[in-house]
Amino acid sequence: MSLVTTHVLDTAAGRPAADVAVRLEASDGTVIAQGRTDDDGRVRDLGPAELDPGVYRLVFDTGAYLGPGAFFPEITVAFRITDGTQHHHVPVLLSPFSYSTYRGS
């Protein structure tokens, strides 16, 4: 399993958000990995098995999923890794006019 995984749930539709492009970036913007959510809204293979401690970002292309009039065409979630060997799961709950995130398990 990757060190970083994510899960996108479409709370307005009541189902997983499939085929959302996601990038894992270092704090300087360097792309470390990219993927797309599967039919269950998950990206299980996003990046290496180990990362240096530091700040990273997950960037979600929500505009492609929500459509050309999307209020949030992109969501960027910055998070800190203090232990580069510990799994980090960062889910997103998405609707057309709001989103939330948390540290998952």
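Strand 3 (residues 21–26) and strand 6 (residues 54–60) run antiparallel in this predicted model, and five bridges join them. To find a place to start looking, go to A26: its bridge partner in strand 6 is Y56.

Strand 6 also has strand 7 (residues 75–81) beside it in the pairing, again antiparallel, with seven bridges joining the two. Here G54 makes a handy landmark, as its bridge partner in strand 7 is I81.

Now let's turn to strand 8 (residues 88–95). Is this strand mostly covered or mostly open? Seven of its eight residues are buried, so by the cut-off of under 20% relative accessible area strand 8 is mostly covered. Strand 8 pairs with strand 1 (residues 4–10) in the parallel sense, over seven bridges. Along that pairing, L9 stands opposite L93 of strand 8.

Strand 8 pairs with strand 9 (residues 98–101) as well, this time in the antiparallel sense and over four bridges. A hairpin of two residues links strand 8 to strand 9, and S95 has S98 in strand 9 as its bridge partner.

Here are the pairings side by side, for use while you turn the model:

| Strand pair | Sense | Bridges |
|---|---|---|
| Strand 3 and strand 6 | antiparallel | five |
| Strand 6 and strand 7 | antiparallel | seven |
| Strand 1 and strand 8 | parallel | seven |
| Strand 8 and strand 9 | antiparallel | four |

Notes:
Residues are numbered from 1 along each chain as its sequence is written. This is a predicted model: local features need pLDDT of at least 70, side-chain atom pairs count only at pLDDT 80 or more; totals for chains, interfaces and linings use all residues. Side-chain values use heavy atoms; hydrogens and water are left out. Two strands pair if DSSP finds at least two bridges between them. Buried means under 20% relative accessible area, exposed over 50%, partly exposed in between (1.4 Å probe, protein chains only).
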